[in-house]
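Trainee: Hi! Could you walk me through this one?

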Amino acid sequence: MNTNTINRISTLATAIGLAFSVNVWAAETATQDVGYEVQAISQISVTNTDPGTLVITGATPGSAPTEANLSAGTYAITNNAGTKKITAAINSAMPDGVTLEVALQAPTGATATRSVLSTSPADVVTDIGNVSESGKTITYYLNATAAAGAVSAAVKTVTFTITGS
């Protein structure tokens with residue numbers, strides 16, 4: 001090959017190399033600022049909003065009437081707002097000598113207490129951390145003294161509330 005041809009090939013190779021390096025390797029960039037937020041969430045829901053009726057039907061002679069209990073479905077809870085508790089209250093007072101109690105299964109890391117229900121909120125689950133759980137059981141208990149006598153069927157609305165600890 002002669003020198004002129006080698007120079008042309010060399011020049012052509014250099015031009016192609018520059019073209020590729022400028023066009024292929026050059027990059028354009030664009031940016032976006034994406035905002036985000038996770039708000040405080042403390043929610044509770046119950047299944048089986050009409051779980052049935054507790055009925056006391058007997059007693060051992062010489063003892064108070066036998067306690068009735070009722071598995072009343074489940075609840076679900078989502079909390080990401082720090083330590084919370086669940087309280088429970090009924091819409092009106094129970095008759096004299098009759099008590100209604102509730103026990104909730106505690107979510108992971110929390111503590112549950114079987115509690116007598118009244119119109120004032122009672123702590124039923126405490127020390128609830130950041131959790132998202134479902135299928136937690138709810139059980140009611142009905143007790144009466146002999147002095148309460150026969151009590152006609154009635155309904156109480158139980159309200160569960162998530163609140164600060």
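Mentor: Five strands form an open, antiparallel sheet in the order 1-2-8-4-6. Strands here (E, at least two residues) are DSSP runs numbered from the N terminus, and two of them pair if DSSP finds at least two bridges between them. This is a predicted model, where local features need pLDDT of at least 70, side-chain atom pairs count only at pLDDT 80 or more, and totals for chains, interfaces and linings use all residues. Residues are numbered from 1 along each chain as its sequence is written, and side-chain values use heavy atoms, leaving out hydrogens and water.

Trainee: Which are the edge strands?

Mentor: Strand 1 (42-46) and strand 6 (115-116), each pairing on one side only.

Trainee: And how many bridges link strand 2 and strand 8?

Mentor: Nine, in the antiparallel sense. In strand 8, Thr139 stands opposite Ser71.

Trainee: What does the side chain of Asn143 join up with?

Mentor: Asn143, also in strand 8, makes a 2.9 Å polar contact with the side chain of Glu67. A polar contact is a pair of N or O atoms within 3.5 Å; within protein, one must be able to donate a hydrogen and the other to accept it, and residues adjacent in sequence count only if both atoms are side-chain atoms.

Trainee: New topic: what does Phe160 touch?

Mentor: Beyond neighbours within four places in sequence, Phe160 is in contact (heavy atoms within 4.5 Å) with residues including Ile44, Val46, Thr87 and Ala88.

Technical notes. Helix = DSSP H or I, 4+ residues; strand = E, 2+ residues; numbered from the N terminus.
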